[in-house]
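Biologist: I would like to go through this model with you, one local feature at a time. Please say how each value is defined as we go.

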Amino acid sequence: MQMMEHSFFADKKIFVIDQSPKNINDHTWCFWEQQPGIFEPVVHHQWKQISFYSNDFSAGFDIEPYLYKMIRSIDLYNYVLEKATKHPNIQFHYGNVQSITNENDKAIATIDGKVFSADYIFNSILLNAPVLNSPSGVGGLLQHFKGWLIETGENIFDDSIATFMDFRVAQNRGTTFVYVLPVAKNRALVEYTIFSEKILQQDEYDNALKQYITECLKIDNYKIIEEESGTIPMTDYRFPAGKGKIINTGTASGQTKASSGFTFRFIQKHSTAIINALVHAKDPHIKKSFFQKRFNIYDSTLLDILQNKKMGGDEIFVSLFKKNKPQQVLKFLDNETVLSEELKIMNSVPAKVFLPAALKAFFKNGQIIALSEIKINL
């Protein structure tokens, strides 16, 4: 998106390769930001207030200057495609990517037997990634979820408040919460989310959603307008930035935050850095500074605690939201805090649980993890 809007790329021939046309609403992206971003025209709904629920602590928060925003995938697809039609140098091709390689000073992609040569390939496919919790892989969890956009006959929802996390659901499968995003007074996206090592059967998600809607939302009569589901890897494996003329993006380059699964905003920041590097004739393989890598340690620490059940995810997030301003929590989850703010965040969680995990994470992140011929199973 940013690339097509920049004059630097106006004379570059750009091929966009995808498996199939994007013409259905198959995802919902939610994120928070203080200033309008490049996708502001397609923000479907936004909230200045969020709610947090657990069995031990519940509260409502005003998060200004942040806004919590929702984008529907079909709106984003249509927006980007409409922008692309104004640039004749951009072409779309649909098919299965069989391989991407470097050859001399070019990047080579083979799609359904057809070979494409380019100055650069920007790849978002997980071609090489770890098998979670296997002898040849690294530790981690899966964030898996199913959501229903429901419509009620009466105006039940307050569409000015989003339920950010509701932990008033069974925690026996792992860290489990529901978020409720009202987009109208009679419509809301209700999403059941779990951090665990295995995904569930579809009827298990369905039963959990039904139970939550009935018992927590006190809604008996509703209809399901849309469904969505997905799985996101939460791992401290260091995904490669790419090699040669191949530049990895998205989850394939490690833009999914290991401890929370948040991805959307990290992709935007990473893409901006790549474009700035290209425009200024610098290396587009974006690498974190030594100081920026401290967030890897924080993520590894929390991931280790969650995976080994040293403390419940509900207890951790209660500590964070109970003892810190919500703006500071959101800023921390966005990897945008300074060290003094991070020390305050750390002081809000039990040292006897977090300190040993932090020391383990420190030494783990000080090593180079070299894995080859490994795949991810989602």
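Biologist: Which residues in α5 and α8 meet?

Modeller: This is a predicted model, in which local features need pLDDT of at least 70 and side-chain atom pairs count only at pLDDT 80 or more, while totals for chains, interfaces and linings use all residues. Residues are numbered from 1 along each chain as its sequence is written, and side-chain values use heavy atoms, with hydrogens and water left out. Contact means heavy atoms within 4.5 Å. On the α5 side the residues are Arg294, Phe295 and Tyr298, and on the α8 side they are Leu339, Glu342 and Met346.

Biologist: How many nonpolar, polar and charged residues does the contact of α5 with α8 have?

Modeller: Ala, Val, Leu, Ile, Met, Phe, Trp, Tyr, Cys and Pro count as nonpolar, Asp, Glu, Lys and Arg as charged, and the others, Gly among them, as polar. Sorted this way, the contact of α5 with α8 has four nonpolar, no polar and two charged residues.

Biologist: At what angle do α5 and α8 pack, and how far apart are their axes?

Modeller: Helices (H or I, at least four residues) and strands (E, at least two) are DSSP runs, numbered from the N terminus. Axes are lines fitted to C-alpha atoms, for helices over the stretch in contact, and angles run from 0 to 180 degrees between N-to-C directions. For α5 and α8 the angle is about 10° and the axes are 13 Å apart.

Biologist: Which term describes the orientation of α5 to α8?

Modeller: Angles under 35 degrees count as roughly parallel, over 145 as roughly antiparallel, 65 to 115 as roughly perpendicular and the rest as oblique. The angle between α5 and α8 is about 10°. That makes the pair roughly parallel.

Biologist: Are α7 and α8 roughly parallel or roughly perpendicular to each other?

Modeller: Helix α7 covers residues 326–333 and helix α8 residues 339–346, with their axes 11 Å apart. Their packing angle is about 110°. They are therefore roughly perpendicular.

Biologist: Which residues of α7 meet which residues of α8?

Modeller: By class, the contact of α7 with α8 has three nonpolar, one polar and three charged residues. From α7 come Gln328, Val329, Lys331 and Phe332, and from α8 come Glu341, Glu342 and Ile345.

Biologist: What span does helix α4 reach from its first C-alpha to its last?

Modeller: The expected span of a helix is 1.5 Å times one less than its number of residues. Helix α4 (residues 264–279) has 16 residues, for which 22 Å is expected. Its span is close to that, at 23 Å.

Biologist: Does Ala281 count as buried or exposed?

Modeller: Buried means under 20% relative accessible area, exposed over 50%, partly exposed in between (1.4 Å probe, protein chains only). Ala281 has 72% relative accessibility, so Ala281 counts as exposed.

Biologist: What is the phi of Asp112?

Modeller: Asp112 sits in the loop between β9 (106–111) and β10 (114–118). With 45% relative accessibility, Asp112 counts as partly exposed. Asp112 is not a glycine, yet its phi is positive, at about 50°.

Biologist: Which two residues does a cis peptide bond join?

Modeller: The second residue of the pair is in the loop between β5 (59–62) and β6 (67–72). Omega is about 15°, and the bond joins Glu64 and Pro65.

Biologist: What distance separates the C-alpha atoms of Asn123 and Ala252?

Modeller: Asn123 is in strand β11 (residues 121–123) and counts as buried at 6% relative accessibility. Beyond four places in sequence, Asn123 touches Ile100, Ile246, Ile247, Asn248, Thr249 and Ala252. Asn123 and Ala252 are 129 residues apart along the chain, and their C-alpha atoms are separated by 7.5 Å.
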